[in-house]
Amino acid sequence: MAVTDHGTGQGAEGRRAPAHGTWIESIPPAVWALGAVLLLMPALANDFVLYQIFGWTFILGMIGLSLMFLAGYGGMVSLVQMSVAGMAGYMVAIFGSSAIETISLGWPWYLSVPVAILIAVAFGTVAGALAVRTEGIYTIMITLAIASAFFYFTRQNYVIFNGFSGFNGVLPPQLFGVDWRQAVPFYYLTLFWAVLSYLAVLYVRRAPFGLALQGVRDNPRRMRALGFNVTAHRIAAYSLAAVIAAIAGILLTWQSAQISPGTAGVGPVIDILIIAVVGGLRHPIGPFIGALIYVVLSTFAIDILTGLGLAGERFRLLIGLGFLVIVFFSPDGVLGLWEKWRASGRRDPLTGEDRGEDRGGNREGGA
Amino acid sequence: MTARASTVASRISATGTANALELRGLTRMFGALAALTDINLTVRPGERRAVLGSNGAGKTTLFNCITGDFPPTAGTIRLFGEDVTHFPPHERIRRGLRRTYQISLLFAGLSVRDNVYLACRGVSRYRFSLLRPRRDDALMASAEGLIEAVHLSDARETLVGDLSYGQQRQLEVALALAGAPRFVLFDEPAAGLSPTERRELVEILTNLPSHMGFIIIEHDMDVALRVAESVTMMHNGRIFKEGKPAEIESDAEVQALYLGGGHG
Ligand SMILES: Nc1ncnc2c1ncn2[C@@H]1O[C@H](COP(=O)(O)OP(=O)(O)O)[C@@H](O)[C@H]1O
Ligand SMILES: [Mg+2]
């Protein structure tokens, strides 16, 4: 991929950079700095932060990214992505090893992982095929229905999914002699897949498939009149998004060493939507920002609440309030806030409230 | 799908002799309103036809039925000899049909170049490609050529939403000429253009390769009669006259209807 990446002469690339200079030179310094911080994080942070905060953030960010890909580029808000992740998690538990030896087949990871991804992608594709004939709110409803059906099915089926208790003892392989559930290896494992998915989405959005997907989002009728099979394109987008969700689902299962119906219950399904919307659906970095906020809130909200003398279980209330506040101030999530702030910084550093309206007007004009 | 059933061989053999377009008994209802009633129309390969008629005559509906944007209520549509009545739009487009829209249907959030590139990609292979095009990509080159042909070279990086009205109309034409069209439907491409842009459009249309037939809906007699070799008059969803431009222009019935009919 990287080879062809180098030579693109189109679109945003053409606008931004002149023909000379390599793609490495075109990476802004802020990205270098962020990359360095992420790579050196194990020297700065303790195991809890690496494993629980960042590991979890990268995983949830990936599932949010698969939603963002469909919603941001395809205009299809799918609530089934968490279920796709759950399916992949169940499949590694079933085809690989777990503490439930009566069900798990004990295949080696190089078989169980690809099979798990394949089955999860098939599931995501079928869900997509059902959902693409609907629009807007109906897409949300039908994908939510599929997600609920998956939740209830896994909870009631004991032969394959081991019902209510699911599977525990689902461990990553001891590849290269490394215990991947140790904090530092797990940090790098999840970082690697998160960055790879992120770059893949960035890349694909300018490839013919991604461009066409945005065309389908903006103007399906015209896309048909240009020779595109709009339905097939939408379904293919679900397949691609499912690959990312499936990888994340396996990592999620390895992280907690277990998978159960609650992993992909209606709560987590909605959480993924919140993560993607709070972060912002306009750019693939959004879901990772949203995931970090979500993980930090749900990890520390209990401490904050009990510190204030309130019941710790209320942390969902705090997340909900945060969601409300961000969406109220910026329909484009944190990313939208960031863009607003940068735009205002460029234009008018001195004046106060007036700036807000002015800014809004200008932003719309450019959008 | 039905589309698969017709083999390449039958398509090629049909192409040689068949008419570009053959409509038989085409009817389209909108509730109780008959937008098209029993339309029979034949266009030879390479023929250039103007369709005239007052507002609401059913001209745009005719195009929508031909491309498959709307299914007809009754009747058949044959494209280069092949019955495409039940084909989805993209299958008709892949057989060489193209169209422009009376009200521009463009991708406002993408650049001019990406719009035209999508059009080129839509009628070629690898529509699902996950690999970005290389600098020497053949489709990118043909997109550049089209952009130049419609005089949009200076705006190739501009977001389409930021284009002027006239430029958007020119882009509409470029999208319809992508790939290797065999038959194009132009829906009022000159509407709202400045005299200069109008002249450029006439030039583009008259310079199209001679095997490329088209139908143009156009209120401006000057434009229509200059680019077309035959004329079809429509009124209230029916065809009521066909002929050479000169015959139509001098026809008393046409003059009464057309000049009195408050077209706009
Ligand atoms: N989508 C639609 N729904 C209902 N009526 C329509 C629709 N499209 C066109 N019509 C009606 O069909 C008739 C023909 O319209 P149209 O084909 O757009 O005419 P023209 O292009 O000749 O001006 C008009 O009476 C119009 O109101
Ligand atoms: Mg019309």
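The legends below describe several close-up views of a predicted model.

In this predicted model, local features need pLDDT of at least 70 and side-chain atom pairs count only at pLDDT 80 or more, whereas totals for chains, interfaces and linings use all residues. Residues are numbered from 1 along each chain as its sequence is written, chains are lettered from A and ligands numbered from 1 in the order in which they are written, and side-chain values use heavy atoms, with hydrogens and water left out.

**View 1. Chain A as a whole.** The secondary structure of chain A comes to 16 helices and two strands, where helices (H or I, at least four residues) and strands (E, at least two) are DSSP runs numbered from the N terminus. Of the 367 residues of chain A, 49% count as buried; buried means under 20% relative accessible area, exposed means over 50%, and partly exposed lies in between, with a 1.4 Å probe and protein chains only. The accessible surface of chain A is about 17100 Å², and 68% of it belongs to carbon and sulfur atoms; such areas come from the Shrake-Rupley method with a 1.4 Å probe, and for residues only the protein chains shown count as cover. Among the contacts in chain A with a separation of 6 or more, 73% are accounted for by residues 24 or more positions apart, a contact being heavy atoms within 4.5 Å.

**View 2. A nonpolar patch on the surface of chain A.** Phe48(A), Leu292(A), Val296(A), Phe300(A), Ile304(A), Leu308(A) and Leu310(A) form this patch, which has about 610 Å² of accessible area together. Patches are made of residues with over 30% relative accessible area and no salt bridge, like charges being joined within 9 Å and nonpolar side chains (Val, Leu, Ile, Met, Phe, Trp, Tyr) within 5 Å. Helix H13 of chain A (residues 286–307) supplies the largest share of the patch, four residues. Val296(A) lies in this helix H13, and Val296(A) is partly exposed, with a relative accessible area of 33%.

**View 3. Helix H6 of chain B and its buried face.** Helix H6 of chain B (residues 138–149) has twelve residues and reaches 17 Å from its first C-alpha to its last, close to the 16 Å expected at 1.5 Å a residue, the expected span being 1.5 Å times one less than the number of residues. Leu139(B), Met140(B), Ala143(B), Glu144(B), Leu146(B) and Ile147(B) are buried in H6(B). Seen down the axis of H6(B), these buried residues fall within an arc of 165°, so they line one face of the helix; the arc is that of the directions from the helix axis to the C-beta atoms. On the other side of H6(B), Ala138(B) and Glu148(B) are exposed, while the cover over the buried residues includes helix H5 (112–122) and helix H7 (165–176) of chain B.

View 4. In chain B, Arg44(B) forms a salt bridge with Glu47(B), the closest N and O atoms being 3.6 Å apart; here Arg44(B) is partly exposed, at 43%, whereas Glu47(B) is buried, at 3%. Arg156(B) forms a salt bridge with Glu144(B), with the closest N and O atoms 2.8 Å apart. Arg156(B) lies in the loop between H6 and H7 of chain B and Glu144(B) in helix H6 of chain B, so the pair ties together parts that are twelve residues apart in sequence. Salt bridges that share partners also join Arg44(B), Glu47(B), Arg49(B) and Glu242(B) into one network.

**View 5. Two loop residues of chain A with positive phi.** Asn162(A) has a positive phi of about 55° although it is not a glycine, and Asn162(A) is found in the loop between helix H7 (137–156) and strand S1 (167–168) of chain A. Ala257(A), also not a glycine, has a positive phi of about 60°, and its place is in the loop between helix H11 (230–256) and strand S2 (258–259) of chain A. Asn162(A) counts as buried at 13% relative accessibility, and Ala257(A) is buried at 10%.

Note on methods. A salt bridge is a side-chain nitrogen of Lys or Arg within 4 Å of a carboxyl oxygen of Asp or Glu.
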